[in-house]
Structure formats: structure tokens, C-alpha cells
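Please keep the sequence and the model in view while going through the numbered points.

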Amino acid sequence: MQLAEAMRTTAAVREFTDDPLPDDVLAGILEVARFAPSGGNRQGARIVAVRDRATRARLAELNEPAARRYLAQAKAGEGPWNPLTPPGPSAEQIAGTRVPRSFTEPVLKAPVVLVVLVDQGTLAATDQELDRVGLVGGASIYPLVWNILLAARAEGYGGVITTMAAAQEPAVLELLGAPAQYAVAAVVPLGRPAHQPTRLKRRAVAELVTRERFDGEPLA
Ligand SMILES: Cc1cc2nc3c(=O)[nH]c(=O)nc-3n(C[C@H](O)[C@H](O)[C@H](O)COP(=O)(O)O)c2cc1C
């Protein structure tokens, strides 16, 4: 598959066939994905490849608290987990929100789930003194996560970046026996897609890019 085609068609895949994703295929995907960049090339990533059912069941459970808030806020017309706006729904409303199985099933049904961690001791977070949510630290780990999905796509597999379990980071680290210095970047179920979307909805270049200034002419 051509690189441009993979980039245009690497969709979020949350439903999988019963096909296995054998270790040798997984190793091949990670062999190319590992060339992702990180700040100062510090390479603080660690990936735990989880196949064990009980561990996956616990990861699914650990999605639920963040998913509850996500769904309660979405129902209230808010941008879920937006750092600029505290949630409108009360703690009781959030606690009473039901989490549909579609939020927990991908980690239960995928043949393998990758938990992507990063050693915070390797991060260079140049925005850490700004009065806003940190962004730059994540740039040392998410290129790897995306490379994994692109490499999986090239092999006919797929998956999705999920971040709900990150809200329960201490419990995830304990589950995997990882040191507290690590941060949870993503939980990525991987497998053979039940459906492969090929027409993704994304904004056009002219809506994303302007010349010279923020209010400049759109780049056609
Ligand atoms: C940072 C990030 C966090 C995400 N978290 C979740 C998540 O917790 N659960 C989930 O199902 N999808 C999650 N997604 C997947 C997005 O919803 C998906 O990439 C987006 O809606 C585009 O979907 P499409 O490629 O099918 O068009 C996340 C994606 C990103 C980039």
C-alpha cells in the first residue's frame, strides 16, 4: 500500500473479526512503527502487549469512569473533557450515566491490546510553565502511537487510539506492574477490521492552513 493511501484511510477501527493477530505480525508492525520521532530522540516509550483476558477485562473496566463523564457531557451538549470548561453535569449525574458496551468492547474483542506508556523522565515539555494544559510532552509519544496504526493498516489490520483509561493511570500502572514514573498515553486495541472505512471526514487544507498569519489567506 502506498503511504498516501494509508494516511488517507487509517480510520478508527473499533470492531474486529475473529482473525488472530499473531506475535510475528505484531512484531513486524512495531518494527516499522518504532522509527517514530521523540523529543531529543529520548525514546521513552514502553509498550505492553496484552492478550490476557482478565487484564483486558480490567482495562475495559478502567475505561468506564472517564467514559461516564464523556457521555454525560456530550449529552449536555458540552465538549467532553475539554480543559477550558469544567463539566456542567453534577457528580451524581455523571455517576448515573450508563456506559454502552461499544466503549468497552474494543479492548475485550481485539486479539491484542497495546498499552502505550512513556517514561516521564525522558520528556521535554517546553510548555510546562504556561498557564494551560500540557501538550508538548505528548508529542514525544503520539507519533509512535500513530505509526503503529499506519503500520497496522499497511498489513490489513486496524485499531483505535483510546485514552479513557488514562484518567485511571495509577490503576493501569498497577495492573501492568509499571513504575509510577510512567504515564499512560493510550490503550490501542488492534485486530483485523470488521469494516474498513476508506472515506474519512476531515477538514480541507484551505480550512486548516493560512498564509503568513492566522488571519491570512487560506492556502488553496
Ligand atoms: C488523542 C485521541 C484520543 C482518542 N480517544 C478515544 C477513546 O478514548 N475512545 C475511542 O473510541 N476513540 C478515541 N479516539 C478516536 C477518535 O474518536 C477518532 O480517531 C476520530 O473520531 C476519527 O475517527 P475516524 O478515523 O473513524 O474518522 C481518540 C483519538 C485521539 C487522536
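1. Helices and strands are DSSP runs numbered from the N terminus, a helix being H or I over at least four residues and a strand being E over at least two. Under this convention, N63 is placed in helix α3. The model is a predicted one, in which local features need pLDDT of at least 70 and side-chain atom pairs count only at pLDDT 80 or more, while totals for chains, interfaces and linings use all residues. Residues are numbered from 1 along each chain as its sequence is written, and side-chain values use heavy atoms, with hydrogens and water left out.

2. The overall plan may be taken next. The chain holds 8 helices and 4 strands. Read from the N terminus, these elements follow the order α-α-β-α-α-α-β-α-β-α-β-α. The radius of gyration (taken over C-alpha atoms) is 18 Å, close to the 17 Å given for 220 residues by the globule rule, so the chain is as compact as a globular protein of that length. That rule is 2.2 Å times the number of residues to the power 0.38. Along the principal axes, the C-alpha atoms fill a box of roughly 50 × 50 × 35 Å.

3. Accessible areas come from the Shrake-Rupley method with a 1.4 Å probe, and for residues only the protein chains shown count as cover. The chain exposes about 13400 Å², of which carbon and sulfur atoms supply 53%. A residue is called buried under 20% relative accessible area, exposed over 50%, and partly exposed in between. Of the 220 residues of the chain, 35% count as buried.

4. A contact means heavy atoms within 4.5 Å. Among the contacts in the chain with a separation of 6 or more, 78% come from residues 24 or more positions apart.

5. Which residues does N63 touch, leaving aside neighbours within four places in sequence? They are F103, V107, M164 and A165. N63 has a relative accessible area of 5% and is therefore buried. One of its partners, M164, also belongs to the surroundings of the ligand.

6. The ligand is surrounded by A11, A12, R14, V160, I161, T162, T163, M164 and R202. This shell divides into 5 nonpolar, 2 polar and 2 charged residues. In this grouping Ala, Val, Leu, Ile, Met, Phe, Trp, Tyr, Cys and Pro count as nonpolar, Asp, Glu, Lys and Arg as charged, and the others, Gly among them, as polar.

7. Where do oxygen atoms of the ligand come within reach of the protein's polar atoms? A polar side-chain atom of R14 lies 2.7 Å from an oxygen atom of the ligand. For R202, an N or O atom in the side chain is 2.8 Å from a ligand oxygen. For T163, a backbone N or O atom lies 2.9 Å from an oxygen atom of the ligand. The ligand taken alone exposes 630 Å², and the protein buries 57% of that.

8. L144 is found in helix α6, which covers residues 142-154. Its relative accessibility is 11%, so L144 counts as buried. Leaving aside neighbours within four places in sequence, L144 is in contact with A33, R34, A36, A45 and I47. By contrast, the C-alpha atoms of L144 and S102, 42 residues apart along the chain, are separated by 25 Å.

9. E155 lies in the loop between α6 and β3 (158-159). With a relative accessible area of 47%, E155 is partly exposed. Not counting residues up to four places away in sequence, E155 touches I29 and R192. E155 and Y70 are 85 residues apart in sequence and 32 Å apart in space, C-alpha to C-alpha.

10. The loop between α2 (23-33) and β1 (45-50) contains Q43, and F35 is placed in the loop between α2 and β1 as well. Q43 has a phi near 50°, a positive value in a residue other than glycine. Q43 is exposed, with a relative accessible area of 54%, and F35 is exposed at 58% relative accessibility. The C-alpha atoms of F35 and V145, 110 residues apart along the chain, are separated by 11 Å.

11. W81 is found in the loop between α3 (53-75) and α4 (91-95). Although W81 is not a glycine, its phi is positive, at about 60°. Its relative accessibility of 39% makes W81 partly exposed.

Definitions and conventions. A residue is near a molecule or strand if one of its heavy atoms lies within 4 Å of it. A polar contact is a pair of N or O atoms within 3.5 Å; within protein, one must be able to donate a hydrogen and the other to accept it, and residues adjacent in sequence count only if both atoms are side-chain atoms. Buried means under 20% relative accessible area, exposed over 50%, partly exposed in between (1.4 Å probe, protein chains only).
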